[in-house]
Amino acid sequence: MNDFRPLNKLDNFQNKKIEILLKNTSKITGVMKAYDLNLNIHLEDAEEINSDSKIKLGTLLLRGSMIISVNEAQ
Amino acid sequence: MNDFRPLNKLDNFQNKKIEILLKNTSKITGVMKAYDLNLNIHLEDAEEINSDSKIKLGTLLLRGSMIISVNEAQ
Amino acid sequence: MNDFRPLNKLDNFQNKKIEILLKNTSKITGVMKAYDLNLNIHLEDAEEINSDSKIKLGTLLLRGSMIISVNEAQ
Amino acid sequence: MNDFRPLNKLDNFQNKKIEILLKNTSKITGVMKAYDLNLNIHLEDAEEINSDSKIKLGTLLLRGSMIISVNEAQ
Amino acid sequence: MNDFRPLNKLDNFQNKKIEILLKNTSKITGVMKAYDLNLNIHLEDAEEINSDSKIKLGTLLLRGSMIISVNEAQ
Amino acid sequence: MNDFRPLNKLDNFQNKKIEILLKNTSKITGVMKAYDLNLNIHLEDAEEINSDSKIKLGTLLLRGSMIISVNEAQ
Amino acid sequence: MNDFRPLNKLDNFQNKKIEILLKNTSKITGVMKAYDLNLNIHLEDAEEINSDSKIKLGTLLLRGSMIISVNEAQ
């Protein structure tokens with residue numbers, strides 16, 4: 001099997017601002033500092049983005065099993 | 001048991017545009033760059049397709065446990 | 001324990017048209033080409049069957065954890 | 001610990017008509033041919049029983065993780 | 001760690017009538033014959049108890065992952 | 001990593017009355033007799049607490065995967 | 001792979017007041033005393049924060065699988 005290890009792509013996101021979509025439909029942004037194989041992610045300057053507001057969360061640990069997708073903030 | 005390793009079919013999709021259906025009912029398209037045995041998938045030029053709009057996501061990592069199905073974009 | 005390996009029954013379905021019921025209540029048909037012990041299934045000529053329409057999906061990989069049941073198309 | 005292996009009770013159901021209740025609230029009947037430790041079950045002459053109709057499914061493989069309970073058809 | 005093996009308490013319930021609450025909110029009673037470490041349970045003379053009726057199920061195998069709690073019938 | 005084994009805190013609750021919140025939103029109280037690493041818990045004198053009533057459950061085994069939190073009864 | 005062990009970030013939170021968001025949408029605050037690799041967390045002086053009230057919970061053990069995110073109380 002051709003296994004390119006998609007999680008390695010997260011290395012490109014280090015110290016960059018990323019967007020994370022969660023299963024509870026909320027969206028989180030922040031600067032990615034660390035991740036592990038379960039997709040647990042440590043963010044700095046994290047914010048929860050809602051349609052009409054932002055909530056500052058600061059240093060944040062997200063549980064990987066709640067994550068749908070990760071992309072670089074556009 | 002006759003085990004043909006269905007995940008290997010994803011090798012045929014490499015560098016091709018694929019459609020991914022997620023458990024939260026959203027549909028994602030993008031060019032498949034990498035996958036692993038948990039079905040985590042790295043896409044480039046990813047877009048979320050809604051009934052009346054497309055949202056550009058760029059480089060995207062999708063968590064395999066959220067995926068229902070993968071097929072080549074028709 | 002008497003363990004007859006029910007998954008082996010899928011060998012009988014190879015290259016035959018099967019129906020798959022998914023947890024999201026949609027029904028998929030297609031010609032079964034491969035499966036694994038997690039019930040991941042590779043179909044050719046796959047279609048999503050709705051009450052009033054069919055959507056052609058072509059080559060399709062279905063994630064096993066989304067599958068409720070598999071039977072030969074009637 | 002006193003472990004009587006409850007799954008072994010399924011041996012008594014072999015070649016008998018059983019009722020299976022699924023998490024999606026549907027009820028399936030059929031003649032039990034095989035099961036494994038994950039409670040995957042292979043049925044012959046399977047039918048989905050609804051309040052006002054029966055749908056013939058023939059040879060059926062049910063994914064164990066979808067099963068709530070199994071009992072002999074009354 | 002102080003690990004008293006709570007599942008062993010089920011030994012006290014053997015051949016006694018127990019009540020089982022399931023995740024789908026239904027309640028099952030029956031005489032407990034066997035269980036395993038996944039909390040799969042084999043009951044005899046099982047009944048599903050609803051607010052205004054009882055459904056006889058006879059010999060029943062319950063999947064442990066569906067169980068919320070087990071107590072002796074009051 | 002600094003791992004203080006939070007489950008060990010349950011040792012302090014032994015033979016004390018605790019409150020357990022379950023995923024199905026019900027609240028259970030009882031005297032904690034035993035637990036294991038999956039958070040399965042054996043209670044004596046258990047009661048289900050509702051907004052306007054209490055249901056006596058006696059000796060109760062709770063499946064750990066259903067538990068949200070455990071605290072000493074206030 | 002670049003694996004910085006995001007869970008280690010929790011060491012910084014020890015003996016500090018943290019906010020925990022749970023899958024059942026409730027928010028818990030408390031002083032973090034211990035955690036493990038499953039994200040089970042032991043809090044002291046825990047409180048459940050609702051839009052218009054706080055419920056004191058005292059010493060609390062939270063099951064890791066229910067946790068969405070952890071951040072320092074703002």
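Analyst: In this predicted model, D:Lys56 forms a salt bridge with D:Glu47, and their closest N and O atoms are 3.2 Å apart. The term salt bridge stands here for a side-chain nitrogen of Lys or Arg within 4 Å of a carboxyl oxygen of Asp or Glu, and over all chains the structure holds 14 of them. Another is formed by B:Glu44 with A:Lys9, where the closest N and O atoms are 3.7 Å apart. B:Glu44 lies in strand β3 (residues 41-49) of chain B and A:Lys9 in the segment before β1 (17-22) of chain A, so this pair joins two chains. Strands are DSSP runs of E with at least two residues, while helices are runs of H or I with at least four, and both are numbered from the N terminus.

Some conventions apply throughout. Residues are numbered from 1 along each chain as its sequence is written, and chains are lettered from A and ligands numbered from 1 in the order in which they are written. Because the model is predicted, local features need pLDDT of at least 70 and side-chain atom pairs count only at pLDDT 80 or more, whereas totals for chains, interfaces and linings use all residues; side-chain values use heavy atoms, with hydrogens and water left out.

The meeting of chain A and chain B can now be taken as a whole. Contact, meaning heavy atoms within 4.5 Å, joins 23 residues of chain A to 24 residues of chain B. The size of an interface is often given as the accessible area lost when the parts come together.

On the side of chain A that touches chain B, strand β5 (residues 67-72) of chain A gives the most, with six residues. By class, that side has 11 nonpolar, seven polar and five charged residues, with Ala, Val, Leu, Ile, Met, Phe, Trp, Tyr, Cys and Pro counted as nonpolar, Asp, Glu, Lys and Arg as charged, and the others, Gly among them, as polar. Strand β5 of chain A also pairs with strand β4 (residues 54-62) of chain B, in the antiparallel sense and over three bridges; two strands pair if DSSP finds at least two bridges between them. Within this pairing, A:Val70 has B:Leu61 as its bridge partner.

Turning to chain B and chain C, 23 residues of chain B are in contact with 25 residues of chain C, and the two chains bury about 1900 Å² between them, 63% of it on carbon and sulfur atoms. One salt bridge is found across this interface, in which the side chains of B:Lys9 and C:Glu44 meet at 3.7 Å, N to O. Strand β5 (residues 67-72) of chain B gives the most to the side of chain B that touches chain C, with six residues. This strand pairs in the antiparallel sense with strand β4 (residues 54-62) of chain C over three bridges, and B:Val70 has C:Leu61 as its bridge partner.

Chain D and chain E give a further view of the strands. Strand β5 (residues 67-72) of chain D and strand β4 (residues 54-62) of chain E pair in the antiparallel sense over three bridges, with D:Ser69 opposite E:Leu62. Inside chain E, E:Leu62 is also the bridge partner of E:Ile41. Strand β3 (residues 41-49) of chain E and β4 of chain E pair in the antiparallel sense over seven bridges, and these two strands form a hairpin with four residues between them.

Finally, chain A can be laid on chain B with an RMSD of 0.0 Å by a turn of 51° and a shift of 0.0 Å along the axis, copies being superposed by least squares on the C-alpha atoms of residues with pLDDT of at least 70 in both. Only 4% of the interface residues of chain A are also interface residues in chain B, so the copies meet through different surfaces. No contact joins chain B and chain E, whose closest C-alpha atoms lie 19 Å apart.

Methods. Buried area = accessible area lost by both parts, 1.4 Å probe.
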